[in-house]
Structure formats: structure tokens, C-alpha cells
Amino acid sequence: MTITITAFAQSPDRGRGLARDMRVRWALEEVGQPYAVRLLTFKDMKEPAHLALHPFGQIPTYEDGDLVLFESGSIVFHIAERHAGLLPDDANARARAITWMFAALSTVEPPILDREIPGYTERDKPWYAERLPILEGRIRPRLDELSRRLGGADWLDGAFSAGDLLMVTVLRRLEGSGILGGYPVLSAYIARGKDRPAYKRAFDAQRAVFAAVSAD
């Protein structure tokens, strides 16, 4: 059976490849697995049919036969474990790649989201301008540490892995913020990720959904 994932019918990111289905699309493209996409409106996401797949009413979900998964990190991990190309064969290298997956989602992403979400919900509040430098100050130590660790390497630990895939998608959320201008190592790292053919195919597929909606 063909893998089916869910995605926004009208993405809030306006086709910039930031919605979390991008991570799953990219992983599937990296391992060469075909997939179908079921597009959902925000109303659809709160209907019983979707809540049966994702108890929190979000995207993406992943369906493959009788297996249903939610949470983008879990889905990418499943894809990486089931198909060659995203995790090393060596047991120790594999464990390190999985550690970087957790680091991307548990250590690096939270302060980035803490900065991003108020931009949607509090931008018109009088305290937003004062709060923003505080939020950005929580991000920079993580970027400092990550930049030092990456150094002159192309990827986090040897060959490209699912850890890099998740880390690049997390860091991309800072594009346009001006923060990455102080981190040339990380900017180059993101550029390498975006230059991968599998990334480009995934981005184009997600972008096409927004373009089709915009044309209507």
C-alpha cells in the first residue's frame, strides 16, 4: 500500500517549507519511498476522523497499511529505521545520529518556537518589542554551541543522517529573523541541506500545494 501523510490544505507558512509535513516529505524523498498526501483544512483537523489519527488534531500523520503514526520526529525515526539512507549501519554511529534527532527537537527547537509563536499571537502587544530580545537571547547560546560542534564538518556526525534532516528543518525557522547572519557555519549547513535533491523535491511538492490554493 502507498504511504499516506497529511498536510495543510492552506499552510500558514505560505509555502516556505516550514510546516512539519516538510520533514516527513523530505525523509521519504531521501529513502526513495512514494507517498500520497491528504490535504486538510483547519476544520478537518478537529473532526473525529482526523482526531482518530492524531489525538491533538495536528499535522502530519503517517499511514502505512494498519500503522498510523503522528508527531513528525517519530515519523522520521520510523522511516529512517525501516529504509536505508538516513541512519548509519554501525551501531554506535546509529545511536549518535538518533541522539542528534532528539537534540534537534528537544534542545534546539524549543527556544526557537518560543521566539516564533509570540510573533503570531502577541506582535500587537506593547510588551512584544521588549520581550523579543529576551527570547532571542535564549536561542543564541544553543546556536553558539551547535556552531562550535559542527565546526568545519559538512554534517553533524559523519554522513548526512536523520539528525541533520531534523536539525536543518529546525534551524530554517530562523530564516528571515536576522539571527543566522551571525552564524556563517550554520548558514552554510542549512544551505547544504537545502541543496540536497531530496530536499528540493519535498520543498517543491509542498510549495505546489500553496501555489495551487493561491491560484484559486
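Author: Gladly; we will take a strand and its partners, then a pair of helices, then a histidine and a helix. Bear in mind that this is a predicted model.

Reader: Let's begin with strand β3 (residues 61-64). Which of its residues lie on one side and which on the other?

Author: The general idea is that side chains in a regular strand alternate between the two faces of the sheet. In β3, Thr61 and Glu63 lie on one side, with Tyr62 and Asp64 on the other. These four residues are all buried, and both faces of the strand are covered.

Reader: How many bridges join β3 to strand β4 (residues 67-70), and in what sense do they run?

Author: There are 4 bridges, and the two strands run antiparallel. Within this pairing, threonine 61 sits opposite phenylalanine 70. The two strands make a hairpin with 2 residues between them, and glycine 65 in the turn has a positive phi of about 65 degrees.

Reader: And how does strand β1 (residues 3-8) pair with β3?

Author: That pairing is also described by its bridges: β1 and β3 are antiparallel over 2 bridges. Here threonine 4 stands opposite glutamate 63 of β3.

Reader: Now for helices. At what angle do α6 (residues 162-171) and α7 (residues 184-194) cross?

Author: Two packed helices are described by the angle between their axes and the distance between the axes. For α6 and α7, the axes come within 10 Å and cross at roughly 115 degrees. The crossing is left-handed. On the α6 side, Asp164, Met167, Val168 and Leu171 make the contact, meeting Tyr189, Ile190 and Gly193 of α7. By class, this contact has 5 nonpolar, 1 polar and 1 charged residues.

Reader: Is histidine 50 buried or exposed?

Author: Relative accessible area is the value to read, and under 20% counts as buried. Histidine 50, found in helix α2 (residues 48-51), has a relative accessible area of 4%, so this residue is buried. Its side chain reaches the backbone oxygen of glutamine 58 at 2.6 Å. Leaving aside residues up to four places away in sequence, histidine 50 touches several others, including Thr6, Leu40, Asp44 and Ile59.

Reader: Why is helix α1 (residues 21-30) described as largely enclosed by the rest of the structure?

Author: Count the buried residues along the helix: in α1 they are 10 of the 10, so the helix is largely enclosed by the rest of the structure. Among them are Arg23, Arg25, Trp26 and Glu29. Just after α1, glycine 32 takes a positive phi of about 70 degrees.

Note on methods:
Residues are numbered from 1 along each chain as its sequence is written. This is a predicted model: local features need pLDDT of at least 70, side-chain atom pairs count only at pLDDT 80 or more; totals for chains, interfaces and linings use all residues. Side-chain values use heavy atoms; hydrogens and water are left out. Buried means under 20% relative accessible area, exposed over 50%, partly exposed in between (1.4 Å probe, protein chains only). Two strands pair if DSSP finds at least two bridges between them. Axes are lines fitted to C-alpha atoms, for helices over the stretch in contact, and angles run from 0 to 180 degrees between N-to-C directions. A crossing is left-handed if the near helix is turned anticlockwise from the far one by less than a right angle, and right-handed if clockwise. Contact means heavy atoms within 4.5 Å. Ala, Val, Leu, Ile, Met, Phe, Trp, Tyr, Cys and Pro count as nonpolar, Asp, Glu, Lys and Arg as charged, and the others, Gly among them, as polar. A polar contact is a pair of N or O atoms within 3.5 Å; within protein, one must be able to donate a hydrogen and the other to accept it, and residues adjacent in sequence count only if both atoms are side-chain atoms.
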